[in-house]
Amino acid sequence: MNRMAAVPTLQERVTLPLLPLGVGLLGAAILAGLLLGPARIGADGLLAVLAHWLGAPLPPEHARDAAVIGVIRAPRVLLAALVGAGLGAAGATMQGLFRNPLADPALIGVSSGAALAAVAAIVLAGPAFGASAGLFGLWLLPIAAFIGGLGATLVMARLGRVGGAAPVATLLLAGVAVNALAGAITGLLIFMADDRQVRDITFWTLGSLAGARWQHLPVILLLVGLPSLLLCALARPLNALLLGESEAYHLGVSVEALKRSAILLAAISVAAGVAFTGLIGFVGLVVPHVVRLVFGTDHRIVLPGAALLGAALLVLADLAARSLASPAELPVGVITALIGAPFFLWLLRQSGSGNGA
Amino acid sequence: MIRRRMLTASLMGLTVQSERARAAAGRLVTIGGAVTETVFALGQGDRIIAVDSTSRFPTKVSALAQVGYLRALAPEGLMGLAPDLMLVSEEAGPPQVLSVLRAAGAPVAMVPDEAGIEAVSRKIRAVAQALNLEGAAVADAVTADWRRLDAPIASLQPVSAVFILSVARGAPLVAGRDTHADAMLLAAGARNTVRSFAGYRPLSAELAAALAPEAIVMMDHALAEAGGAAAVLSIPSLAVTPAARARRVIGLDGAYMLGFGPRAAHARRDLARLLHPNAVLPGLPSRGWT
Amino acid sequence: MIAARALTMRCGGRRLLDEVSLELQPGEVVAIIGPNGAGKSTLLRAMSGELRSEIGVVTLEGRPLAAWHPVDLARRRAVVSQNVALAFPITGRDVVGLGRLPWHATPQAARDVHAVEAALETVGATGIAAQRYATLSGGERQRIQIARALAQLDGAAHPAALLLDEPTASLDISHVGVILRLIRRLALQGAAVMVVLHDLNEVSFAADRVMVMAEGRCVAAGPPAAILRPRLLEAVYGIPFQRRGDALLPEFTTD
């Protein structure tokens with residue numbers, strides 16, 4: 001069969017049921033994330049916990065099951081889903097905006113800025129508050145990382161402006177410069193760090209969802225969920241950008257406004273996610289490609305698709321992270337790459353030449 | 001609504017935590033080498049079902065379940081072990097995970113982790129109290145052993161020394177002020193030459209030469225990883241020191257030397273003997289935990 | 001309808017445009033000719049609103065382009081640029097479909113499918129529409145881009161403007177005829193067309209007016225019969241021209 005004809009087109013979106021498929025996949029992943037894990041919970045325990053949520057008294061022998069599902073797993077699975085969705089949507093947006101399949105959220109400085117601020121919090125504020133810091137200590141790192149990530153992106157966007165416009169190439173170079181500078185300062189801070197702090201930094205850069213709490217979720221919903229939804233609304237202008245910046249303008253797209261909102265929304269959603277989980281690579285880069293290879297290039301599909309798939313992937317990766325080395329835990333960033341990279345390569349070979357535009 | 005139910009579940013967990021009687025009979029997870037050693041010293045080692053990666057003594061703990069590095073704990077992995085009590089060094093983390101564990105009603109008892117004989121005593125008493133045991137006997141025995149060394153070591157001429165954590169990252173990573181290594185060097189009749197900074201930092205070549213330590217102290221596994229004494233002394237920043245000329249590189253088990261657990265007094269004596277080979281130091285009684 | 005008055009643009013000390021004025025009228029095809037680097041494409045991009053000049057102003061229906069929202073602009077004028085490359089693989093039909101973007105969420109959106117198919121039919125690209133854009137030849141891409149511009153103007157309530165930058169550059173002779181006839185027909189239907197061309201015979205066939213540019217300036221403007229004269233062209237291009245029958249041809253000499 002002619003491979004040309006096998007390329008899904010913008011019009012074919014109706015025939016490929018992305019939404020039910022993606023929602024089903026995410027639902028299954030969330031269910032698995034709630035039901036499975038190193039703390040074995042039998043069917044009776046699960047039923048008791050569910051009955052308890054619906055109002056029945058909790059048998060004391062299932063108190064631990066209720067705590068594992070309600071206090072540990074549920075916020076963790078929801079955090080994974082939201083952060084994964086944010087990374088997927090932000091990655092798809094960056095690739096569309098920079099018209100480059102290798103683009104990912106790191107390009108706009110958000111990851112390196114968040115890392116710089118997180119490392120600063122670990123190295124400089126750690127000694128000031130001690131290992132068992134109180135409420136402020138628990139929120140210090142996320143707040144610092146969020147401000148650092150967003151700040152680095154704003155600096156990059158400012159540096160990337162020439163006159164009133166911000167040409168994509170200039171933005172990319174500004175991103176490279178911001179990343180290099182943030183990396184250098186991070187290196188300086190790591191030099192100042194003691195051995196234990198260096199280990200804390202290493203684990204932070206590999207990502208973990210182990211610190212998830214219910215009280216994080218309203219913040220995550222607002223700063224990751226909402227921007228991801230808003231990014232999906234940029235699908236049409238991003239489609240126009242497929243043709244190039246000039247053509248997008250000719251088609252009625254306010255290109256500079258599009259760039260500003262896309263970069264700002266992606267930066268907010270990634271910075272807020274990274275703030276609670278540390279750096280999680282791979283999702284933002286490869287998930288949009290997987291969606292594109294299966295469903296085609298239309299951003300009306302790619303954006304929500306990358307959000308749904310990113311969410312499902314991170315939930316499953318976290319399930320693997322807490323199960324595989326039980327009772328210890330692997331860094332989730334390691335898992336996302338270990339699951340994702342081979343799958344991506346397989347998909348790439350299945351679909352032939354892949355991305356040649 | 002559901003959230004409130006979850007909160008009651010965690011509150012029920014908290015009542016479990018306060019049931020000391022159950023804890024006294026139950027299964028333990030110990031996190032931190034000194035914490036694990038202390039539980040064994042108190043005769044409760046058989047109750048431990050899992051330890052962290054810094055717990056390496058006594059050697060039979062290697063057969064237990066491993067919860068990983070103590071700064072990267074896994075909340076669900078720990079809950080899944082269903083321990084009746086987790087004895088956790090204050091070194092452990094990340095703090096977010098400890099807060100998750102507390103929210104889930106996990107029975108967690110924190111154990112202080114500091115250097116010095118008073119800290120050893122506090123540590124032993126804290127573990128004993130969490131286990132509803134009397135810890136004074138062990139704490140007093142360790143303190144008595146430690147004190148027997150005070151006068152003989154005080155009479156020695158201090159050896160200037162530097163403690164090297166690792167040489168793997170280029171410049172040697174050395175112990176400054178406010179480290180367990182600094183405290184142990186001082187206790188064993190040495191003078192830590194690196195006091196211009198706190199914590200473990202890379203040492204510049206010029207500073208190493210200027211400090212002129214007479215002895216280099218390392219953890220034995222770090223010494224082995226570095227390729228032995230000859231390899232360490234061939235590092236340019238160390239080759240010019242008096243320690244290199246005298247070929248004095250001392251290796252000692254890390255958890256033993258720096259743990260400040262129940263073996264602290266014996267570790268002090270052993271390190272002092274290595275630093276002062278010609279000195280006469282009193283022998284210490286063999287204890288059940290050494 | 002689109003009028004440029006005394007446009008001047010500089011870039012790094014070089015004058016790209018030097019006090020160029022041009023007005024496009026509904027129902028009229030204006031061809032821009034001139035040697036490479038004369039400023040033809042720059043003028044076209046300024047007339048489209050993509051480039052803003054420091055001196056001089058471009059107006060649409062009397063209002064400066066800067067005062068128009070890009071969407072309103074896109075419902076009144078379409079642009080066919082040279083060498084459009086895609087970021088990710090989509091089909092020719094998808095490219096044409098993107099032309100319907102300005103009409104999203106308007107009653108005209110109901111015409112989307114019809115507009116796309118009609119535009120493909122008009123440029124004779126229905127048969128290649130299902131292929132990936134990247135696999136098409138230069139001429140096929142050019143036709144797809146023209147179809148995209150047609151789809152964009154389908155449903156415009158006002159007289160529309162179509163700006164084309166060398167639309168015939170990579171077409172074979174049969175498709176050149178299709179495109180030039182299409183341009184004429186659009187003008188007959190009331191559109192204002194601005195087209196950058198190189199082939200002088202195409203100019204004389206398609207254009208109502210010709211503007212000759214050199215070094216950023218308008219050298220001459222008027223009906224093709226008045227402009228396409230050997231002496232004027234020799235002055236602009238610096239090579240001899242001669243008339244053969246109806247055609248005006250450059251005289252390529254061998255050394």
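The domain bounds used at the start of this tour come from an automatic or database domain assignment. Please also keep in mind that the model is a predicted one.

**The two domains of chain B**

Begin by colouring residues 2–134 of chain B as domain 1 and residues 153–275 as domain 2, which is how the assignment divides this chain. If you take the centres of domain 1 of chain B and domain 2 of chain B over C-alpha atoms, they are 31 Å apart. Next, select the residues where these domains touch: 12 residues of domain 1 of chain B and 9 residues of domain 2 of chain B take part in the contact.

Between them, domain 1 of chain B and domain 2 of chain B bury about 890 Å², and 63% of that area is on carbon and sulfur atoms. On the side of domain 1 of chain B, select B:Glu37, B:Ala115 and B:Val120, which lose the most area to domain 2 of chain B and together make up 43% of what that side buries.

Across the interface of domain 1 of chain B and domain 2 of chain B, the count is 1 salt bridge.

**Aromatic rings**

Over all chains, there are 6 aromatic pairs. One of them is formed by A:Phe203 and B:Tyr69, whose rings are stacked, with 5.9 Å from centre to centre and 15 degrees between the planes. This pair joins two chains, because A:Phe203 lies in helix α8 (residues 195–206) of chain A, whereas B:Tyr69 lies in the loop between β3 (65–66) and α4 (75–80) of chain B.

Is B:Tyr69 buried or exposed? With a relative accessible area of 15%, B:Tyr69 is buried, while A:Phe203, at 28%, is partly exposed.

Now select B:Phe163 and B:Tyr200, whose ring centres are 6.4 Å apart and whose planes stand at 65 degrees, so this pair is edge-to-face. Here B:Phe163 belongs to strand β6 (residues 159–166) of chain B and B:Tyr200 to strand β9 (residues 200–202) of chain B, so that the pair links distant parts of the chain, 37 residues apart. Both B:Phe163 and B:Tyr200 are buried.

**Arginines over rings**

For the last stop, select A:Arg292 together with C:Phe88, where the arginine lies over the face of the ring, at 3.8 Å from its centre. Then select C:Arg63 and C:Trp68, where C:Arg63 lies over the face of C:Trp68, at 4.4 Å from the ring centre.

Key
Residues numbered from 1 in each chain as written. Chains lettered and ligands numbered in written order. Predicted model: local features only at pLDDT ≥ 70, side-chain atom pairs only at ≥ 80, totals over all residues. Heavy atoms only, no water. Phe/Tyr/Trp six-rings, centres within 6.5 Å; stacked < 30°, edge-to-face > 60°. Helix = DSSP H or I, 4+ residues; strand = E, 2+ residues; numbered from the N terminus. Buried < 20%, exposed > 50% of the residue type's maximum accessible area, 1.4 Å probe, protein only. Lys NZ or Arg CZ within 6 Å of the ring centre and 35° of its normal. Contact = heavy atoms within 4.5 Å. Buried area = accessible area lost by both parts, 1.4 Å probe. Salt bridge = Lys/Arg side-chain N within 4 Å of Asp/Glu carboxyl O.
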